[in-house]
Amino acid sequence: MGQRMFIALYPPQVVVDELTEFFDARPQMPWISPDQWHITLAFLAAVPEARTDELIDRLSLNLAHKVAPTIQLCGGGTFPSPDRAKVLWLRPVALSGSLEALAGTARGTANACGATPDGRTFTPHLTVARLRRPIAATRWLRILDSFTSSPWCAREAKLIASYLGEGPSKRPRHEEVARFQFASPTGD
């Protein structure tokens with residue numbers, strides 16, 4: 001079948017600390033663990049084991065030509081809808097660079113290696129809560145809309161293996177497989 005993997009950007013510790021402080025003041029929601037906070041560029045449901053090394057090599061080459069984006073989290077969203085939310089998320093905004101271009105490169109590279117990404121339209125987001133039952137989340141969207149993180153330069157992406165149900169509280173366990181450096185922004 002193949003290994004579940006994803007390619008993602010991770011916020012730096014200063015942003016993790018800001019998010020932690022923001023969510024600690026709001027314990028009514030089952031916030032996901034800070035070590036699970038990431039922005040998925042490509043989700044790969046079944047990476048053939050025989051293609052993993054090729055995927056790593058190609059991602060390393062192709063992402064090295066992409067300029068590191070500067071990102072800020074501001075504004076919230078839900079999946080599938082605010083009236084029946086099962087996932088709450090924060091919106092990453094690229095202040096420089098393009099998350100869509102990075103996602104396109106990651107997805108195209110994975111596809112060329114036989115690790116077909118999911119067919120969903122790329123919606124940049126950082127998941128902060130997963131709910132067992134859908135809720136009307138308008139109130140929570142207003143709360144999430146009040147958060148703005150410090151901006152940061154995402155200098156690398158990570159390839160992560162995901163093991164469903166193996167983490168705390170039956171959450172996925174994530175294991176870093178590889179890191180990929182981006183080109184430095186102009187002026188760095």
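Trp140 is buried, with a relative accessible area of 7%, where buried means under 20% relative accessible area, exposed over 50%, and partly exposed in between (1.4 Å probe, protein chains only). This is a predicted model, in which local features need pLDDT of at least 70 and side-chain atom pairs count only at pLDDT 80 or more, while totals for chains, interfaces and linings use all residues. Residues are numbered from 1 along each chain as its sequence is written, and side-chain values use heavy atoms, with hydrogens and water left out.

**View A. Phe22 and Phe147 form a tilted aromatic pair.** Six aromatic pairs are found in a search of the whole structure, with rings of Phe, Tyr and Trp (its six-membered ring) counted as paired if their centres lie within 6.5 Å, and with planes under 30 degrees apart called stacked, over 60 edge-to-face and the rest tilted. In the pair of Phe22 and Phe147, the ring centres are 5.0 Å apart and the planes stand at 55°. Because Phe22 belongs to helix 1 (residues 13-24) and Phe147 to the loop between helix 4 (138-145) and strand 6 (152-153), the pair ties together parts that are 125 residues apart in sequence; helices (H or I, at least four residues) and strands (E, at least two) are DSSP runs, numbered from the N terminus. Phe22 and Phe147 are both buried.

**View B. Trp31 and Trp140 form an edge-to-face aromatic pair.** Their rings are 5.5 Å apart centre to centre, with 80° between the planes. Since Trp31 lies in the loop between helix 1 and strand 2 (39-47), whereas Trp140 lies in helix 4, this pair ties together parts that are 109 residues apart in sequence. Trp31 is buried, with a relative accessible area of 16%.

**View C. Arginines lie over the faces of Phe22 and Trp140.** Phe22, Phe23, Trp31, Trp37, Trp140 and Phe147 form one aromatic cluster. Arg26 lies over the face of Phe22, at 4.0 Å from the ring centre, and Arg139 over that of Trp140, at 4.8 Å from the ring centre; a charge sits over a ring if NZ of Lys or CZ of Arg is within 6 Å of the ring centre and within 35 degrees of the ring normal.

**View D. Strand 7 pairs with strand 1 and with strand 8.** Six of the eight residues of strand 7 (residues 156-163) are buried. Strand 1 (residues 3-9) runs antiparallel to strand 7 and is joined to that strand by four bridges, two strands being paired if DSSP finds at least two bridges between them; Phe6 has Ile160 as its bridge partner in strand 7. Eight bridges pair strand 7 with strand 8 (residues 173-181), also in the antiparallel sense, and the bridge partner of Ser162 in strand 8 is His174.
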